[in-house]
Amino acid sequence: MLSNEAKTAFYETAMNRTIFHIDLDAFFVTVEQVLNPALRGKPVIVGGRPDRRGVVASASYEARKFGVHAAMPLSQAKRLCPDAVFLTGHFNRYREYSEKFMAILADYSPCLEPGGLDEAYLDVTGCENFGSWRALAMKIKERTKKETGLVASVGIAPCKVVAKIASDLGKPDGLIEVLSGGEKQFLAPLPVQKLPGVGQKTAKVLLSMGIRTIGQLAAMPSETFKNRFGAGIAWLHEHANGIDDSVVEMRGEARSISRETTFETDTTDRDFLKATLRYFAEKLGSELRETDKRARTVGIKLRYADFETVNRSLTSQEATNLDDEIFKRAVSLLESALAKKSRPVRLVGLEVSNLVRGEGQLSLFDAEAKRQEQLDRAIDRVRDTYGFDAIQTGYTLDLKQKYSGKTKDSTQ
Ligand code: TTP
Ligand code: MG
């Protein structure tokens, strides 16, 4: 229960972000060229000797002109580009260069998510931008070149997936900025294979439906997409529309935990939305209790049928790990959001953040909360032994028939 209104801050989360995706060009090969300048400007392939079995790990852009690419058998690469220099590579050196590269990026924002040795997302929202985001990207490219000898391609966008596609599209030595509002237009002409997650198989299915470009995929009605591919990959259709609100995940301790689901069919049924939130509250509550944490902030996410997304959160001095308490806060957020806009909802999510360890202020003083926590913990023990469905609360019973149970879990 929110006993002290004065302690409670209520705000709508601002969603305007600036995200960089930075990926090094021909990484393994370029390190080899830095270590041995005689290799510069030549077709170079790292992967092993061409008379051995194995595949290309990295090919210089000079070798790519001959059609050589990563994952191609070395024997085939040799046929396409007989003059290429084939190297087995130095993995320890690649790791060293990767560390130098990541250290440069970390100078510009603490919100850094490495995606392998040679690529990372950097959320620079609110960081110093050197006059413009392009200028900051140039600074990163220059420092990378000067301090490591490597070449970085940068994509700048309001969300991760568009930033990643932009960094790839500009290669080599690229820098592409996609402004907020321009995401769909930027993606539209590109082949669907440019979307991360669309491999040969998916591309074939899409092509058989006459869909060749990301724009054509985006234009497909969302219900048609869900019926054809399932609500489980509704995110792919959202990505095609330039929508991706996944956050840049820093390494280290969890800062938030969340659950969300996209419904098979869009819904206006409030009881159903509440039951879904109750289910998430029980899941998140039990995770908090298990890790001995409490949350000061509870947030919900609603995405309407037209993709408009609303995030609302409630921060309280009183940190909680109680299912009921998380649920009550979530419901108050839901009602206030729906009071403003009541339209069919395609996705609902619940997040707890501002996590603190151990005893919260509330439970120190509140005997009722202590009792409730003991009860929740007793339920956790039963569920640990017999499974989550062994105990159904009144709220979630309804869900059993309606709900496919496909949820997206996230710990950040
Ligand atoms: P990528 O960034 O995919 O490739 P790249 O850096 O060589 O080329 P570019 O980004 O300019 O397109 O992968 C980074 C490194 O990871 C790459 O240099 C070698 C390694 N790698 C493999 O070992 N096997 C693979 O199949 C791929 C794709 C990469
Ligand atoms: Mg690369």
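User: Which helix holds both Phe-225 and Phe-229, and how many residues apart are they?

Analyst: Both lie in helix α10, residues 222-229. They are 4 residues apart, about one turn of the helix. Helices are DSSP runs of H or I of at least four residues, and strands are runs of E of at least two, both numbered from the N terminus. This is a predicted model: local features need pLDDT of at least 70, side-chain atom pairs count only at pLDDT 80 or more, and totals for chains, interfaces and linings use all residues. Residues are numbered from 1 along each chain as its sequence is written, chains are lettered from A and ligands numbered from 1 in the order written, and side-chain values use heavy atoms, without hydrogens and water.

User: Why is Phe-225 called buried?

Analyst: Its relative accessible area is 1%. Buried means under 20%, exposed over 50%, and partly exposed in between (1.4 Å probe, protein chains only). So Phe-225 counts as buried. Phe-229 has 22%, so it is partly exposed.

User: What makes Phe-20 and Trp-133 an edge-to-face pair?

Analyst: The whole structure has 11 aromatic pairs. In this one, the centres are 6.3 Å apart and the planes stand at 85°. Rings of Phe, Tyr and Trp (its six-membered ring) pair if their centres lie within 6.5 Å; planes under 30 degrees apart are stacked, over 60 edge-to-face, and the rest tilted. The pair joins strand β2 to helix α5, 113 residues apart.

User: Why is the pair of Phe-225 and Phe-229 called tilted?

Analyst: Their centres are 4.8 Å apart and their planes meet at 40°, so the pair is tilted.

User: What makes the arrangement around the magnesium ion (ligand 2) octahedral?

Analyst: There are 6 donor atoms, with angles of 79 to 179°. Six donors count as octahedral if opposite donors are over 155 degrees apart and all others between 65 and 115. So the arrangement is octahedral. The protein donors are Asp-23 (OD), Leu-24 (O) and Asp-118 (OD), 2.1 to 2.2 Å away. Donors are N, O and S atoms within 2.8 Å of the metal (3.2 Å for Na, K and Ca); water is not among the atoms, so sites may look incomplete.

User: How do you know that Asp-23 is buried?

Analyst: Its relative accessible area is 11%, so it is buried. Asp-118 is at 16%, so it counts as buried too.

User: What makes Thr-144 buried?

Analyst: Its relative accessibility is 0%, so it is buried. Thr-144 sits in helix α5, residues 133-148.

Key: Four donors count as tetrahedral if all angles lie between 85 and 135 degrees; four count as square planar and six as octahedral if opposite donors are over 155 degrees apart and all others between 65 and 115; anything else is irregular.
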